[in-house]
Protein chains: 2
Amino acid sequence: MFNASYFDVRSASVHCMAGPRGEYKKSAQRREQILDAAFDVFSRSGYTAGSVSEIARQVGISQTSVVHHFAGGKIALLQGVLERRDTTAENSLENLEGRAFLAGLVAISRNQAGQRGVVQLYRILSTEATDPDHPAHGYFRARSHRIADAVTHAFAQAEDAGDLRDGVEPHAAALATLAMTEGLEMLWLYGHDVDMAEDVRRFISTFLVQPL
Amino acid sequence: MFNASYFDVRSASVHCMAGPRGEYKKSAQRREQILDAAFDVFSRSGYTAGSVSEIARQVGISQTSVVHHFAGGKIALLQGVLERRDTTAENSLENLEGRAFLAGLVAISRNQAGQRGVVQLYRILSTEATDPDHPAHGYFRARSHRIADAVTHAFAQAEDAGDLRDGVEPHAAALATLAMTEGLEMLWLYGHDVDMAEDVRRFISTFLVQPL
C-alpha cells in the first residue's frame with residue numbers, strides 16, 4: 001500500500017504536467033506549498049486524523065487539485081513529506097564514515113532541537129505506524145532497519161579504524177544509540193531538562209576510545 | 001481538560017449507582033468490560049481516531065450506557081484505561097527502594113514483553129499527547145515527570161547505600177534510563193533484535209557498582 005509505486009505514479013504525473021518551463025516551475029512550487037501544508041496538518045493531527053480537505057483548505061485550492069499533484073492522495077502526501085525530510089538528513093551524512101558519521105548524527109540532533117514540529121511529527125507518525133495495519137507501517141519499519149544498518153556500518157568502520165573501545169559490538173552500539181536518541185526526543189517533547197545533541201554526543205562517546 | 005476532576009466525577013457516578021450489593025458488582029463488571037473495549041479501540045486507532053460509538057458497539061451497549069458509566073465521555077475512558085494500567089505498575093514498585101526499585105523497573109519491562117498491545121497503546125497515546133492541545137497532554141506530561149522523579153529518587157537512594165559508581169548523577173541517570181527504556185520499546189515494536197528487559201537491566205547496571 002505504501003511503497004515505491006507511489007513515487008512512480010507521482011513522478012509520471014509531474015512529468016505529464018511539465019509542458020513549458022514556467023508551468024513546470026509553477027507546478028513544482030505548488031507541490032512544495034502542498035507538502036508544507038501536509039506537514040503542518042500531519043504534525044498537528046497525526047496521519048490518521050489529518051485530512052486532505054484540511055490540507056487543500058490551507059493551501060487555498062480544491063481537493064481535486066491536491067490529488068492532481070499527488071495522485072495517491074493522503075498516503076502520497078505523507079510519503080512526500082517524509083521523503084523530503086529524510087533526503088535532507090541523508091544528504092548531510094553522505095560520504096561520512098566511522099567517527100565522522102557518528103558526529104553527523106549528533107549534528108542532526110542539534111539541528112532538530114530548533115524544529116519541535118518536525119521531531120513531533122516523526123514521533124507521532126512513526127509511533128502510529130507501529131500498527132502493522134497502518135498504511136505507513138512498511139515505510140517506517142524499513143526506514144528504522146535502514147537507519148540501524150547505516151549506524152551499525154559506521155560503528156564497524158570506527159572499529160576497523162581502532163576508534164571503538166574493547167568489547168563494544170557495532171550492532172548493539174547502533175541499536176542503543178537509536179533507542180537513546182528516540183527516547184531523548186520524547187523526554188525533550190515533555191519538557192525534561194535534556195540537551196538532545198549533547199546527551200547523544202556523550203552517549204555515543206561511551207563506545208569510543210576518544211570522545212566525539 | 002484532562003485532570004483529577006474526571007476521577008471525582010466518575011467516583012461520584014459510581015457511588016450514586018451503587019445501591020444493593022449485587023447491582024454495584026454488576027456495574028463494576030460492566031465498567032471493566034467498557035475499559036477492556038476502550039483499551040482495545042485506543043490500541044488499534046489511537047485516541048484521536050478511536051470513537052465512543054466503536055467502544056459501545058464492542059461491548060454491545062449504547063453510547064448512552066457508556067457515558068452513564070464514564071460521565072466524562074471519551075476523555076474519561078482514556079483516563080480510566082491509563083489509570084488502571086499505571087496502578088498495576090505502581091503497585092509493583094511500592095515499598096521498593098534504591099537497587100530493588102531499579103530491579104523493579106526491569107521486572108516491568110520483562111512483563112511488557114508479553115503485552116505488545118499495551119506497549120503500543122502507551123507509545124501511541126503518549127506520543128499523540130506531546131501536542132500541548134491534546135486533551136491528555138497534561139496527564140502524560142505530569143506522568144512523565146512523576147516517573148522521572150521516582151526513578152531519580154531510587155538512584156539517589158542507591159547512591160546513599162553506596163551502590164552507585166563514582167561520578168554518576170542520580171537525575172541524569174534517571175533520565176537516561178527512561179530514554180533508553182522508551183527507545184527500546186520503539187525498536188522492539190519495529191522488530192529489531194532487542195531483549196527489552198535484558199537491555200534495560202544491562203543499561204541500568206552501567207551506573208551501579210554491582211550489576212543488577
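Reader: From the N terminus on, in what order do the elements of chain A run? Then take me to the salt bridges.

Author: One caution before the details: this is a predicted model. From the N terminus on, the elements of chain A run α-α-α-α-α-α-α-α-α-α. That is ten helices and zero strands. The C-alpha trace of chain A spans about 60 × 35 × 30 Å along its principal axes. Chain A has 212 residues, and 51% of them count as buried. Take the contacts in chain A between residues at least 6 apart in sequence: 68% of these join residues at least 24 apart. The accessible surface of chain A is about 9,800 Å². Carbon and sulfur atoms hold 52% of that surface.

Now the charges. Chain A carries 21 positive and 26 negative charges. Their mean positions lie 9 Å apart. Over all chains, the whole structure has 16 salt bridges.

Start with one in chain A. The side chains of A:Arg146 and A:Glu90 meet in a salt bridge, at 3.2 Å from N to O. A:Arg146 lies in helix α8 (residues 137-160) of chain A, and A:Glu90 lies in helix α5 (residues 74-93) of chain A, so the pair ties together parts that are 56 residues apart in sequence. How covered are the two partners? A:Arg146 is partly exposed, with a relative accessible area of 39%. A:Glu90 is partly exposed too, at 43%.

Chain B has a salt bridge between B:Arg146 and B:Glu90, with the closest N and O atoms 3.1 Å apart. Here B:Arg146 sits in helix α8 (residues 137-160) of chain B and B:Glu90 in helix α5 (residues 74-93) of chain B, so parts 56 residues apart in sequence are tied together. B:Arg146 is partly exposed at 39% relative accessibility. B:Glu90 is partly exposed at 43%.

Another pair in chain B is B:Glu185 and B:Arg123. Their closest N and O atoms are 2.9 Å apart, and they form a salt bridge. B:Glu185 is in helix α9 of chain B and B:Arg123 is in helix α7 (residues 116-128) of chain B, so this pair links distant parts of the chain, 62 residues apart. Both B:Glu185 and B:Arg123 are buried. Back in chain A, salt bridges that share partners join A:Glu32, A:Asp36 and A:Arg84 into one network.

Stay with helix α9 of chain B, residues 170-189, for one more residue: B:Thr181 is in this helix. Is B:Thr181 buried or exposed? B:Thr181 is buried because its relative accessible area is 18%, and the cut-off for buried is under 20%. Leaving aside neighbours within four places in sequence, B:Thr181 is in contact with B:Ser109 and B:Val200. The C-alpha atoms of B:Thr181 and B:Ser205 are separated by 13 Å, and the two residues are 24 apart along the chain.

Last, the place where the chains meet. The contact takes 38 residues from chain B and 38 residues from chain A. About 3,100 Å² is buried between the two chains, and carbon and sulfur atoms give 64% of that area. On the chain B side, B:Thr130, B:Tyr190 and B:His192 lose the most area to chain A, together 22% of what that side buries. Between chain B and chain A, the count is zero salt bridges.

Key. Residues are numbered from 1 along each chain as its sequence is written. Chains are lettered from A and ligands numbered from 1 in the order in which they are written. This is a predicted model: local features need pLDDT of at least 70, side-chain atom pairs count only at pLDDT 80 or more; totals for chains, interfaces and linings use all residues. Side-chain values use heavy atoms; hydrogens and water are left out. Helices (H or I, at least four residues) and strands (E, at least two) are DSSP runs, numbered from the N terminus. Buried means under 20% relative accessible area, exposed over 50%, partly exposed in between (1.4 Å probe, protein chains only). Contact means heavy atoms within 4.5 Å. Accessible areas come from the Shrake-Rupley method with a 1.4 Å probe; for residues, only the protein chains shown count as cover. Lys and Arg count as positive and Asp and Glu as negative; His and the chain ends are not counted. The place of a charge is taken as NZ of Lys, CZ of Arg, CG of Asp or CD of Glu. Buried area is the accessible area (1.4 Å probe) that two parts lose on being put together, summed over both. A salt bridge is a side-chain nitrogen of Lys or Arg within 4 Å of a carboxyl oxygen of Asp or Glu.
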